[in-house]
Amino acid sequence: MVKIIVNGREVEADPKKPLIKACHDNGADVPMYCYHPGLEPVGSCRICQVEVKQGDAPARVMVACRTQPAEGMVVDTESPKAHATRKECLEFLLKNHPLDCPICDKAGECDLQDFTYAEGQDAGRTNEPRRELDKRKSLGDTIVLDQERCILCSRCVRFFEEVPKQAQLTVSDLGSRSVIATFMDRPLKGKYQGNIADLCPVGALTLKKFRFQARVWNLVKMASTCGECSRGCSTTVEVLRGADVKRMRPRENEAVNKFWMCDIGRFSFDRHNRSGRLQGAAVREGVQLVPYPVEEALTRLRDELMREKSGAWILSPWLTIEEGERIKAVAERLGHAVCFVSPAPNSEKDDLLHTGDPCPNRRGLSELGIPAAPVAQALEALRGVKSAVLIGERIVELLGAGELAKVDATKTRVHLVDEYALDIPCVLSVYGVANCVERTGTWVRSRPSRHRRWARARLPS
Amino acid sequence: MALEANLVAEFDQLAKNYPEKRAIMMLALHRLQDVRGWLSPEALEDLAAYLGMEPVEVFGVASFYPMYRLRPCGQHVVSICHNISCDLRGAQDIVAAVCEATGAPLHGTSPDGKFTVTTVECAGACANAPMFDLDGVYHEDLTPEKAKQIVRSVK
Amino acid sequence: MSQTERYLLTRANIEGAHQLAVAEKNGAYEALRKVLKEGIPYSTVIDEVKKSGLRGRGGAGFSTGMKWTFMPDPAKDPRPRYLAVNADESEPGTCKDRVIMQRDPHGFVEGVLLAAYAIRAQAAYIYVRGEYRLPHDRVKAAIEEARAKNLVGKNILGSDFSCEVYMHRGGGAYICGEETGLMESLEGKRGHPRPKPPFPAMFGLWGQPTTVNNVETVFNVPFIMNRGSAWFASLGTANSKGNFLCGISGHVNKPGVYEFSFGITAKEILEQHAGGMWKGRGLKAWFPGGSSCSLLKGSDIDVVLDHDSLRARGSSLGTAAMIMIDDHTSMARVMEIISRFYDHESCGQCSQCREGTQWLSQIFRRIAHGKGKADDVATLEALAKGMAPGKTICALSDAAAIPTLSAVRLFKDELIECVTRQADPLAVPQPHYAVAGGHH
């Protein structure tokens, strides 16, 4: 580490990291487009200008992303010269940029808007014809490219080269004719495409799933964790007006997922917007499940479980360790078996993020001493008792509604705690549950070992 | 399709001149264009496969350089310099003469597929302006008549 | 000022000098032989070239000997070392390196070998612009002839000095004449210049120590080693030593490539060698060193052609490519072409250059076609000031800005008149031809 002075304050900086990082880490705002902390710096956008004085040499304005901190460096991120150069740079970037803000998804979280507001001029100088390019170029199922909005920062190109390490995009042609392109308009492949929409500083790369869905300032954002595999990427869940989840994005976590998440997790929020959620409780009377006051239903259930020696509590691996702990205590007091459903590994495991273990809290529940039961084993356990309580979101999905339908209702009474009711003969009572964007709790990641507490993104439906 | 066997042999040999195989790219693209007439998507894919790269990477390189033709072109390519020294000495008249003699529009191909006519930036023949490059050969100190004559004599 | 001595084109002017036998008979490889036979250390070669005052002939004019000293000490840094020779010659008006490669390729190869020897490189890559087929073929043939005579390759002339010389080709991009753009292209990538630092001597081809030298620069080295630095320094002026190849083109009677000593005036070049302005016309404006320098007025023709004098006059030597414009010519038209060139050639990395070169081109085009707007001239100046100096990865942005600022400074009235009249009074009617796909 070296000692440098940033805006009059002495700070420590890693000489192996770009100066812009030292500035950002110490509260000094420096605008950036081509620079991203998760990618190698290229110094092409020219916006991150700061004034630097080293030793006796005269102070010079230079790009902070391609400058290494050196002992005794004096950095001024607010110098008039730095601001003037950034202002000029912004004028050049806005020359061809279409006036799309009113219809652009990126509005409100756009780096071009933000830095222009902070440092740019308030009116365009002239009205030169802008480039006319493809504004709706589909790059496959996930991403759409607006070539006119693109400011050629090349983050998207570099992302594929540096992170999943397989080039998929290039800058084609050159100069003012440069455009981002795939080969022969082939669609993008792989499950890391969504990240380029996050990376894009403007609205050139947008998610088809998010297109025209919401104005970002109307979204309430809560820190969360992805549950689609045991990696537990840190995320932000974004909810529109307390109702639908409109977006899930990665949140920076150096130890776990850096700046990225996979599309399986990113687009898993769909399931949180389905209708037909089970509200409250329902109890079977005759051939039907009829709504029932929750307290009374729970009282009846408690009575049954306390009487019944032959019981099993089968948990979803989406349960938190707080929930797991309490349920295990109850099961043990009642002398019942307890286990959690252990889904088989899937084929999504890769070298980057996805662990191939499609559940979030295997490790947490295991560490509590709750045995893991593969689906077949869990079903067998279920069939072997007289009372079975299935708890947690996706428990029916994991066990299989079809398999559950085959359970002999005369031998086993099933009580279900899940997001949706399942009306099959063996199910005697059902209880609606808040899912992982509607409650708080802790999962334990498979690796690296870190608990993660996540917050409630919205109220339960 | 794949790279022609003789090109593979040629490129293998060329690659020995560089510490990284990718460095043969510029030469390989020129050769492939000479052999196949233009750099079609298949050509780029074939070269990418040979180099162990993604086609998009080869495409990104090829599209950077004006000499690489990524669209089909005529049998003969006339590249007329229209930069300053040539313009000062009548390059525009040469463009008109060549378009007339070939029947091709500028930046296009003649209907009989014989000629593609294009303009290029400074070709390094400034002291002998105006000029054009016909299939890699410089023709300098042109007049409109000479230009037409040269074109018409192409078989 | 009378011509003192010529050496650069002497052998080149001999019929058949591109062949080894003729070349050797006329002095090619004498310096190399001497250096290797006498065991003159690389450091002496560097010192001689430094003392000679040789400055790069590719446009930047940096001290060649000094540039060679930037290479690291191989004892401390044993990585492979390369010489890259910049034969990409694409600066408008410039056609001199071509003469050397076509007509005296052995003299050139000798220069390459001596430069490689000085920097202790084990290989030299000659990056020649793709369009220069004959120069490429001549140099390639010369290398093969030289190899057969143990002048290229392992243990040259039985010495410890081994050096491979490889020909490489460009693809028509001007930006690959920028030393780091050249290296990127040589490595098989898009010719995007690299930010500096790191500099090529520490991080060059494939990240290894590399020196990039221009054709004419290395071509001078054998002459310096043969005749000595004192001789070389006796030619030229205080800070511009030796002879140089001067291209003169445009509206002159005898355009061509001529050899002069620094210190000659532009007037002498124009009148005594290039036959004066054509058609009995006057000189309105001219570029002294390619299009990336400031325009000069006709009255500046008295300037001495060397680095310092041109700098003092507000321009620069560049590639010593004089482009002469007569007094019937529209400066709006000239700048339409010049600005279009930079727009075409920008690699597109830097915001100011990618957008600025296009913007300047659009404005000049409108002015030249009678569609100028009242604030255009002021905008040109503001944009050019935003594009330079030193705000971008490489100097192409500066190269576009500099002539623009000079045009606005020297020919403001003419440009404004085009705007006011909504027509260019000096416009020459252009011939008609069909254009495919609506290109301009």
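Which domains does the domain assignment give for chain C? Domain 1 covers 20-234, domain 2 covers 243-326, and domain 3 covers 331-421. Before going on, please keep in mind that this is a predicted model.

Staying with those domains, I'll take the pair 1 and 3. In chain C, the C-alpha centres of domain 1 and domain 3 are 35 Å apart. Their contact draws 10 residues from domain 1 of chain C and seven residues from domain 3 of chain C. On the domain 1 side, six of the residues are nonpolar, three are polar and one is charged.

Now chain C as a whole. There are 16 helices and nine strands in chain C. Its radius of gyration is 22 Å, close to the 22 Å from the globule rule for 440 residues, so chain C is as compact as a globular protein of that length. Along the principal axes, the C-alpha atoms of chain C fill a box of roughly 75 × 45 × 40 Å. Of the 440 residues in chain C, 60% are buried. Among contacts in chain C with a separation of 6 or more, 72% are between residues 24 or more positions apart.

Last, the interface with chain B. Chain C puts 54 residues into this contact, and chain B puts in 41 residues. On the chain C side, the elements supplying at least two residues each include β3 (164-169), α8 (179-186), β5 (243-250) and β9 (321-326). The largest share, six residues, comes from α13(C), which spans 331-345. By residue class, the chain C side divides into 22 nonpolar, 22 polar and 10 charged.

Terms used:
Residues are numbered from 1 along each chain as its sequence is written. Chains are lettered from A and ligands numbered from 1 in the order in which they are written. This is a predicted model: local features need pLDDT of at least 70, side-chain atom pairs count only at pLDDT 80 or more; totals for chains, interfaces and linings use all residues. Domain bounds come from an automatic or database domain assignment. Two residues are in contact if their C-beta atoms, placed from the backbone, lie within 7 Å. Ala, Val, Leu, Ile, Met, Phe, Trp, Tyr, Cys and Pro count as nonpolar, Asp, Glu, Lys and Arg as charged, and the others, Gly among them, as polar. Helices (H or I, at least four residues) and strands (E, at least two) are DSSP runs, numbered from the N terminus. The radius of gyration is taken over C-alpha atoms; the globule rule is 2.2 Å times the number of residues to the power 0.38. A residue is buried if 20 or more other C-beta atoms lie within 10 Å of its own, exposed if 12 or fewer, and partly exposed in between; C-beta atoms are placed from the backbone.
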